[in-house]
Amino acid sequence: MDGISLWLEKWLRPLSKSCANVSPEVFSWMGLAASAGAGFFLFAAEKQPIMALGVLPLLIIRLVTESIEQSILDGMKEVNPGLQLTVRLCHRLSDLSMLMGLIFWEQIRPHLALLAIISMMLVSYVGEIGNGFGHSERGGLLCKSNRIVLLMFFCVVYSVRAKAVVYGYSVFEVMFVLFIPLASITLLQRMDAIINSFKRRDD
């Protein structure tokens, strides 16, 4: 796990224990709703940059709900496949919904946004492959919590300097440009971790 997730899990432990009897699906749907709301605010922020700040509390809610959800799942002796499918599907839809609003911006090159999103989804896909083989791999440079924090940072920058340009790239294009190499490195990190886990298992 990454540092942000570990810190959140430790900080939210009392709350997670009090929610132990709540189905993890509840928090999965809450995270999806928060991500969809963040996507809506990002879509509206093209015309009104201040709307980008509305993304911050929604993404914080997503981080908190997914941390509680994971703590509940870790404490369960057995997780049925239907629950696993729902949780993972909500995670993938959350990843997409929080960024889809940016694809429709006139000032963002759509191919750049799509390439960044595909790179991000490949990282998630490799993580799911690891889960399928019994190796839970959620870390890496562009892990979920890191990319959420990165998006929050660029939302703040955009709300203050909406017309800023760096070497011909707008604020969120810079974010997408960062996403692509970071996702590639994260992909290699996760593949290496999964392969090493197989080697340790064989030994």
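Ser 119 is buried, with a relative accessible area of 13%. The cut-off for buried is under 20%, so Ser 119 falls on the buried side. This is a predicted model. Ser 119 sits in helix α6. Setting aside residues up to four places away in sequence, Ser 119 touches Ile 180 and Ala 183.

Helix α6 covers residues 110-132, and α8 covers residues 171-202.

## Overall fold

The protein chain has eight helices and two strands. Read from the N terminus, the order is α-α-α-α-α-α-α-β-β-α. The radius of gyration is 17 Å, close to the 17 Å that the globule rule gives for 203 residues, so the chain is as compact as a globular protein of that length. Along the principal axes, the C-alpha atoms fill a box of roughly 50 × 40 × 25 Å.

## Surface and charge

How many of the residues count as buried? Of the 203 residues, 46% do. The protein chain exposes about 10,800 Å². Carbon and sulfur atoms supply 68% of that area.

The chain carries 18 positive and 16 negative charges. Their mean positions are 4 Å apart.

## The nonpolar core

In soluble globular proteins, nonpolar side chains tend to be buried together. Here the largest nonpolar core has 44 residues. Those with the most contacts inside this core are Leu 99, Leu 102, Leu 151, Phe 172, Met 175 and Phe 176. Six helices each supply at least two core residues: α3 (24-45), α4 (55-75), α5 (81-103), α6 (110-132), α7 (144-160) and α8 (171-202).

Which residues does Leu 102 contact, leaving aside its neighbours within four places in sequence? Leu 102 is in contact with Leu 42, Ile 108, Phe 172, Met 175 and Phe 176. Phe 172, Met 175 and Phe 176 are also among the residues with the most contacts inside the core.

## Met 152 in α7

Met 152 lies in helix α7. Its relative accessibility is 15%. Buried means under 20%, so Met 152 counts as buried.

Which residues touch Met 152, beyond its neighbours within four places in sequence? The partners are Leu 56, Leu 59 and Ile 60. Helix α4 spans residues 55-75. Leu 53 and Met 152 are 99 residues apart along the chain, yet their C-alpha atoms are separated by 8.3 Å.

## The loop between the strands

Tyr 167 is found in the loop between β1 (165-166) and β2 (169-170). Phi of Tyr 167 is near 50°. That is a positive value in a residue other than glycine.

Is Tyr 167 buried or exposed? Tyr 167 is exposed, with a relative accessible area of 80%. The cut-off for exposed is over 50%.

Leu 188 lies in helix α8. At 58% relative accessibility, Leu 188 counts as exposed.

Leu 188 and Val 123 are 65 residues apart in sequence. In space, they are 9.0 Å apart, C-alpha to C-alpha.

Conventions: Residues are numbered from 1 along each chain as its sequence is written. This is a predicted model: local features need pLDDT of at least 70, side-chain atom pairs count only at pLDDT 80 or more; totals for chains, interfaces and linings use all residues. Side-chain values use heavy atoms; hydrogens and water are left out. A nonpolar core is a set of buried Ala, Val, Leu, Ile, Met, Phe, Trp, Tyr and Cys residues joined through side-chain atoms within 4.5 Å. Buried means under 20% relative accessible area, exposed over 50%, partly exposed in between (1.4 Å probe, protein chains only). Helices (H or I, at least four residues) and strands (E, at least two) are DSSP runs, numbered from the N terminus. Contact means heavy atoms within 4.5 Å. The radius of gyration is taken over C-alpha atoms; the globule rule is 2.2 Å times the number of residues to the power 0.38. Accessible areas come from the Shrake-Rupley method with a 1.4 Å probe; for residues, only the protein chains shown count as cover. Lys and Arg count as positive and Asp and Glu as negative; His and the chain ends are not counted. The place of a charge is taken as NZ of Lys, CZ of Arg, CG of Asp or CD of Glu.
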